[in-house]
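Thank you all for coming. I would like to walk you through one structure this morning, going slowly from a single residue out to the whole chain.

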Amino acid sequence: MSNDTEFAVTRLTEPHSVIVEGHTVHWPALLEWVREQVTPGLSRKKNGGGEGCLINEQAMMVLELIDAEAQLMCEALFVDGKGTPAEKVTRAWEAARTERQGGRMDDDQWERICAGITRWVWLIEDLGDPETEREVTEPCPECGERYSFTVKGERRSAVYIHYKPGNAPIAECRTGECSALWVGWQQVARLGALVGSDVDWEALAAVAKPAE
């Protein structure tokens with residue numbers, strides 16, 4: 001459990017890489033990523049007047065929860081609970097590891113701390129990543145449709161690829177009569193072959209890149 005939690009701390013606080021279906025995927029620090037999701041840079045009119053910032057309330061709730069729990073963990077371990085969530089997580093983990101190695105922490109407390117830190121990673125992963133959606137400009141190889149239309153009549157590519165943290169990429173056709181699906185790096189690459197073009201891995205996801 002210690003090694004898994006060590007990596008969870010790394011994922012929360014530092015840029016890192018994970019292996020997904022044999023490919024290396026590069027990610028920023030998850031706490032930095034979720035902080036950026038709180039205010040994604042979009043704006044709207046407030047009361048018909050000035051600009052207001054759109055808030056991702058779910059991301060904000062996750063960030064505030066992790067911050068509060070990390071502070072409580074610091075206090076329980078008698079370390080400084082001030083600073084950013086990443087600083088709190090780092091100090092709490094270092095203190096917990098020191099206490100455990102010194103034989104001053106029992107199994108129950110150690111397991112609660114490890115489980116809590118791992119849970120923070122899961123909470124962030126569950127938010128998904130709205131910026132990792134890419135459209136395929138070629139027609140769907142299953143139904144032959146190049147475009148689909150929203151309820152407002154807006155045209156968009158029939159096939160698109162999206163990526164969620166911790167999962168392999170998924171491509172699907174969003175025309176109502178087709179709904180074809182390609183799951184995983186190999187099937188998405190196969191989709192590229194079927195439509196007569198190579199998969200542009202760089203464009204697949206801003207934070208995802210297959211191994212050389």
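Let me begin with serine 148, which touches Glu154, Arg155, Arg156, Ser157, Ala158, Arg174 and Thr175, where residues up to four places away in sequence are not counted and where contact means heavy atoms within 4.5 Å. Serine 148 counts as buried because its relative accessibility is 5%; buried means under 20% relative accessible area, exposed over 50%, and partly exposed in between, with a 1.4 Å probe and protein chains only.

Before going further, please keep in mind that this is a predicted model, in which local features need pLDDT of at least 70 and side-chain atom pairs count only at pLDDT 80 or more, while totals for chains, interfaces and linings use all residues. Residues are numbered from 1 along each chain as its sequence is written, and side-chain values use heavy atoms, with hydrogens and water left out.

Arginine 155, one of the residues touched by serine 148, also lies over the face of tyrosine 147, at 4.0 Å from the ring centre. By the rule used here, a charge sits over a ring if NZ of Lys or CZ of Arg is within 6 Å of the ring centre and within 35 degrees of the ring normal.

Now to the sheet. Which strands make it up, and in what order? It is an open sheet of four strands, in the order β5-β8-β9-β10, with antiparallel pairing. The strands β5 (133–136) and β10 (181–183) stand at the edges with a single partner strand each, so one side of each is left without a neighbour in the sheet. On average, and with direction ignored, neighbouring strands of this sheet are turned by 15 degrees against each other.

Going across it, β5 pairs with strand β8, residues 159–162, in the antiparallel sense over four bridges, and two strands are said to pair if DSSP finds at least two bridges between them. Here arginine 134 has isoleucine 161 in β8 as its bridge partner, and glutamate 135 stands opposite tyrosine 160 in β8. Tyrosine 160 in turn has glutamate 172 as its bridge partner in β9. The pairing of β8 and β9 is antiparallel and runs over four bridges, with valine 159 opposite cysteine 173 in β9. Finally, β9 and β10 pair in the antiparallel sense over three bridges, and there isoleucine 170 stands opposite valine 183 in β10.

In a regular strand, the side chains alternate between the two faces of the sheet.

Let me turn to the aromatic rings, where the count comes to one pair. Tryptophan 93 and tryptophan 110 have ring centres 5.3 Å apart and planes at 25 degrees, so the pair is stacked; rings of Phe, Tyr and Trp (its six-membered ring) pair if their centres lie within 6.5 Å, and planes under 30 degrees apart count as stacked, over 60 as edge-to-face and the rest as tilted. Since tryptophan 93 lies in helix α4 (residues 85–101) and tryptophan 110 in helix α5, the pair ties together parts that are 17 residues apart in sequence. Tryptophan 93 is buried at 2% relative accessible area, and tryptophan 110 is buried at 8%.

By contrast, phenylalanine 78, in the loop between α3 (57–76) and α4, is exposed, with a relative accessible area of 78%. This phenylalanine has a positive phi of about 60 degrees although it is not a glycine.

As for the whole protein, there are seven helices and ten strands, and buried residues make up 38% of the 212 residues.

Note on methods
Helix = DSSP H or I, 4+ residues; strand = E, 2+ residues; numbered from the N terminus. Axes fitted to C-alpha atoms, helices over the stretch in contact; angles between N-to-C directions.
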